Amino acid sequence: MKTEILSASAPGCGEKASAIIKAGGLVAIPTETVYGLGANGLDPEAVAQIFAVKGRPQDNPLILHVSCVEELEQLCHDIPESAYRLAEAFWPGPLTMVLSAKDCIPKRTTAGLSTVAVRCPDSEITREIIRLSGVPIAAPSANISGKPSTTTAQHVYHDHAGKIPLIVDGGACRVGVESTIVDLTETPPRLLRPGGVTPEQLEALLGALTVDKAVTASVDKDAVVKAPGMKYRHYAPQCQVLIVSGSAQKAARWIRANMRDGDRILCFEEELPLYEGCDALSYGKEAEVETLSAGLFAALRVLDDPNVKTVYARCPEGGGVAYAVQNRLKKAAAFQVIDAEVLA
Ligand code: TXA
Ligand code: MG
């Protein structure tokens, strides 16, 4: 199969993409978070193709993408008032809500759960494709399962050339990490995955918020967890990743003393001068955390090279969007953190 990359602004792009979705095929779609691998979320056969192409475990449910909040009622029942408040504040945008699923949603989409994850992405073309398709689009991140997510059309092409007919190119993703997931079927609501909508923003609207343990610690692969996707080693290049915390100077001293041939450094742009001659890769500015979230997966993809043995990574501190960057990097590192303040 030939894989076409079509610009989101090309005439007829929405019609072409939605024709494929309506016929049960797959289309890679841009969103503000990461690219998704989309199919008709109400068609079990179409959804099965997503799992096959991605190599995704069957027990990992998909997010349904809607074009507006009104579409929620066709998919979910017992929608709490808080869902509407969150949608009003953050949709379209990087927030996914877990709600009670109606029977029209195939078990393949929800991986047999009684709940469904729904979000309205902040991409004009993708919302147009959903509208024209007339169905919610099920879309996981478009990476091959277990690999870093895709934040450009070229990343998607790299992973799926020859396997899908169309990639809609909406440029580089603005947020760069996957959406925040909040489970509203529990009281208080539970944060299952941090993202561009921050825990602070959610708390301000919801009052209390429980943070799921899978957000902050590694989870055994056989464990029963709320968001099944959180238990897989994720977002990771094939090598070992180690986070080195502490001041810029102490971390650089420790890394330079310990790195071996075939190791790489992933750091903040401000720290590059500390790693002269080490071929360090920067993923954004520490002082502008949005550049870190936007650049993280592209950098992890560069480091996803069989010749790289260990990546020493610098991770931003604090809450807000930094919390989501920490979560992805710590998952890539299997939560291994070395404190250079103690060791250097
Ligand atoms: O930003 C995003 O959310 C991107 C773009 C394409 O929208 N999508 C994405 O999908 O990240 P994926 O499949 O890579 O991650 C979905 C996560 C998984 O961890 C999955 O287990 C969880 O959502 N999930 C889906 N349905 C769920 C449910 N009913 N209950 C709990 N977790 C659920
Ligand atoms: Mg994913």
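Q: How many aromatic pairs does the structure hold?
A: In this predicted model, there are two aromatic pairs.

Q: Why is the pair of W254 and Y312 called edge-to-face?
A: The planes of W254 and Y312 stand at 75° to each other; an angle over 60 degrees counts as edge-to-face, so the term applies. The rings lie 5.9 Å apart, centre to centre, and the cut-off for a pair is 6.5 Å.

Q: Which elements does this pair link?
A: W254 belongs to helix α10 (residues 248–258) and Y312 to strand β16 (residues 310–313), 58 residues apart, and the pair thus links distant parts of the chain.

Q: What makes W254 count as buried?
A: Its relative accessibility is 14%, and buried means under 20%; therefore W254 qualifies. Y312, with a relative accessible area of 6%, is buried as well.

Q: Why is the pair of F268 and Y283 called tilted?
A: The angle between the planes is 40°. Stacked requires under 30 degrees and edge-to-face over 60, so this pair is tilted. The centres are 6.1 Å apart.

Q: What does the pair of F268 and Y283 tie together?
A: F268 lies in the loop between β14 (264–267) and β15 (281–282), and Y283 in the loop between β15 and α11 (289–302), so parts 15 residues apart in sequence are tied together. Both F268 and Y283 are buried.

Note on methods
Residues are numbered from 1 along each chain as its sequence is written. Chains are lettered from A and ligands numbered from 1 in the order in which they are written. This is a predicted model: local features need pLDDT of at least 70, side-chain atom pairs count only at pLDDT 80 or more; totals for chains, interfaces and linings use all residues. Side-chain values use heavy atoms; hydrogens and water are left out. Rings of Phe, Tyr and Trp (its six-membered ring) pair if their centres lie within 6.5 Å; planes under 30 degrees apart count as stacked, over 60 as edge-to-face and the rest as tilted. Helices (H or I, at least four residues) and strands (E, at least two) are DSSP runs, numbered from the N terminus. Buried means under 20% relative accessible area, exposed over 50%, partly exposed in between (1.4 Å probe, protein chains only).
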